[in-house]
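Please open the model in your viewer and keep the selection panel at hand, as each stop on this tour begins with something to select.

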Amino acid sequence: MTTTISREQWGSRFGYLMAVIGAMVGAGNIWRMPYVTGENGGGAFLIAYFTLLYLIAVPGLMGETSLGRYTRQGLLGTFRKVYGNNRMVGLGLVILIFNVVLMSYYSSVVGWSIYYAYHALIGTFTQTDFDTAALWQAFSANKALNVSMHSVAMLMVTGILLLGIKGGIERMAKWMMPILTIALIAIAIRGLTLPGAIAGLEFAFSPNWEYLARGETWLAALGQTLFSTGLGWGIALTYGSYLGRNDDIPLGGGIFTAIGNTSFGLLAVFAVFPIVFAFGISPTSGPELAFVALANAFGSMSGGYFWALLFFMGFFFANLTTAIAITEVGVTTYKEERQLPRTRAVLTIGGIVWLLGIPSALDADILGYLDFVLGNWGLPLATFIIMVTIGWKFDANRLRVMSLNRGADLYVPSLWEAVVRYQIPAIMLAIMAYFLYSNLSQTPWKTVSGLLVLTLLIPLCMWFTSRRQNTAYADNVAGGRLS
């Protein structure tokens, strides 16, 4: 069933670029990248990360955006247009389910940032002898509070999405992203003025070549590349479907967004590591680096209230823009599949995500399990499916000529086709195989159960879409609409 409902378009190129960068720049850049960099050799990790960003993410994002612009459909509509009315459309449903599950626990991370932005606003971190570790532990143990923050996060996401593509997503991104940029630059400048801050930059930008020779460093960099760009999640496809026919994809959807992602990643490193080293914090503090170590450091800084507020408000903005992008994938698809008004689609998807997110908000182990399964296999599988669809089923050459280079100031050569056909799918298969090998002995139950769910999900989705399409066909015959 092809939708006949008219589609919005982005109001301006700047608005689209801010929305796309906002979709990429979330917890992956502001929270995750600094501690993953610290755990993987500093500068060595950054070399691996930026290498993979431009070799894999940029070509992949170009392809995903181009496919969305060509079909002007959501996930299922795109797969139906490429594969026809057969069970292979179920692969699009698989990606959609990954997306909804991802958002169900990512909303908890958004809730964390809301909670910490609130405490920064009321000056909690600058109180005398305040224990930031105790705050984090108390917050983590308070199930009702975590569910409340998850609920507030979903209310904010839903409220913005109700305003539409131009009135909601674009308008929000056009003022949130510049504010986030200014905040990170200001924090980076302040951090560099602290005694001992230069050691932080030396750690971040002086590669430990031993780490660069380790496969684990490159795998961590690849995981960060996928996590921070959202490649294969359907975000670039969905946002691309709202582009005009002659909008420039290579520069806008590829190079510029990658540069934006690079810039925010570097800004996060500049903002975090000088403070980390100035206050003697371990750069390998892990996920608690922002919520415990940095929060404590702000209390010891001159003007700490202002800097804490700037950092945690920026962190909240980054998370919110990503959450909106993830949720919009489901909204666009559901709206077009059911031919519903946008308001009803937003409320339905928002309600589903909120309900599914309650277990993750109640139990960090559930959140960790979902992130383990999706991060190791779900998201690489989604990227593999989309790249194979672009490179082989649709045909990379056809997409490059008909959509990618249409209206482009930067011409993409045929070499791009080999990247999406061979390079990216092969890397996704390799990373899934490696995670299977490395996790099977360490976490056998999580590994086997997660893979079992994924193995059952794919044929189930293919059966469901095939059955639904056969039912729709029979209804059309019965109604005399087909002969």
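The tour goes through salt bridges and then a pocket.

This is a predicted model, in which local features need pLDDT of at least 70 and side-chain atom pairs count only at pLDDT 80 or more, while totals for chains, interfaces and linings use all residues. Residues are numbered from 1 along each chain as its sequence is written, and side-chain values use heavy atoms, with hydrogens and water left out.

Side chains of opposite charge can pair when their charged atoms come close. A search of the whole structure finds five salt bridges (a side-chain nitrogen of Lys or Arg within 4 Å of a carboxyl oxygen of Asp or Glu).

Select Arg-342 and Glu-328, whose closest N and O atoms are 2.5 Å apart in a salt bridge; Arg-342 belongs to helix α16 and Glu-328 to helix α15, 14 residues apart (helices are DSSP runs of H or I, at least four residues, numbered from the N terminus). Arg-342 is buried, with a relative accessible area of 13%, and Glu-328 is buried at 0% (buried means under 20% relative accessible area, exposed over 50%, partly exposed in between, with a 1.4 Å probe and protein chains only).

Next, select Arg-421 and Asp-395, a salt bridge with its closest N and O atoms 2.4 Å apart. Arg-421 lies in helix α18 and Asp-395 in helix α17, so the pair ties together parts that are 26 residues apart in sequence.

Finally, select Glu-210 and Arg-214, whose side chains meet in a salt bridge at 2.9 Å, N to O, and note that Arg-214 is partly exposed, at 32% relative accessibility.The last stop is the second largest pocket, which holds about 480 Å³ of space (a pocket is an open set of points on a 1 Å grid over the protein atoms alone, where a 1.4 Å probe fits, with protein on both sides within 12 Å along at least five of seven lines; a volume is the space filled by probe spheres set on the points).

Technical notes: 1 Å grid on protein atoms, 1.4 Å probe; cavity = no way out; pocket = protein on both sides within 12 Å on 5 of 7 lines; lining within 4 Å. Helix = DSSP H or I, 4+ residues; strand = E, 2+ residues; numbered from the N terminus.
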